[in-house]
Amino acid sequence: MKKLHFILVPAALAALITMPAVAADKPNMAGMKMDAPPATAGKAHKAKGIVNSVDIKEAKVNLSHEAIPSLNWPRMTMSFKVSDKQGLAMLKPGQHVDFELSESNKGQYVITKITPAK
Ligand SMILES: [Cu+2]
């Protein structure tokens with residue numbers, strides 16, 4: 001009986017080590033199934049992402065966003081200006097968020113609305 005115990009422990013550990021990698025991918029996959037905004041939705045582009053850092057003073061957020069089909073953008077990590085001051089004030093690193101982007105001028109995109117993901 002003692003011997004069986006020693007065989008089971010490494011197997012359980014191996015399962016624990018491989019699990020987080022799988023779990024970390026799941027939220028992103030689920031996010032991609034969200035209803036895509038219609039192509040005619042004006043200048044607001046809806047997206048999802050995870051907050052990396054927040055700069056209240058500069059009104060900026062750095063986040064890793066999902067692909068944004070309406071802009072033909074792949075997923076990436078980048079900083080955005082945020083005009084939604086109220087939304088910005090509530091953000092915390094690691095948080096999953098839903099946000100809306102608008103082009104302000106010459107390819108500069110500003111987040112006009114940002115909320116914790118539902
Ligand atoms: Cu980007």
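A salt bridge is here a side-chain nitrogen of Lys or Arg lying within 4 Å of a carboxyl oxygen of Asp or Glu, and a search of the whole structure finds two of them. The structure is a predicted model, in which local features need pLDDT of at least 70 and side-chain atom pairs count only at pLDDT 80 or more, while totals for chains, interfaces and linings use all residues. Residues are numbered from 1 along each chain as its sequence is written, and side-chain values use heavy atoms, with hydrogens and water left out.

| Salt bridge | N to O distance |
|---|---|
| Lys48 and Asp98 | 2.7 Å |
| Arg75 and Glu66 | 3.4 Å |

The pair Lys48 and Asp98 links distant parts of the chain, since Lys48 belongs to strand β1 (residues 45–55) and Asp98 to strand β4 (residues 96–105), 50 residues apart; strands are DSSP runs (E, at least two residues), numbered from the N terminus. Lys48 has 18% relative accessibility and counts as buried, a term that means under 20% relative accessible area, with exposed over 50% and partly exposed in between (1.4 Å probe, protein chains only). In the other pair, Glu66 is buried at 9%, whereas Arg75 is partly exposed at 43%.

The copper ion has the protein donors His65 (NE2) and Met78 (SD), which lie 1.8 to 2.0 Å from it. These two residues also link distant parts of the chain, with His65 in strand β2 (residues 60–65) and Met78 in strand β3 (residues 76–82), 13 residues apart. Donors are N, O and S atoms within 2.8 Å of the metal (3.2 Å for Na, K and Ca), and because water is not among the atoms, sites may look incomplete. His65 is buried, with a relative accessible area of 2%, while Met78 is partly exposed at 21%.

Notes:
Helix = DSSP H or I, 4+ residues; strand = E, 2+ residues; numbered from the N terminus.
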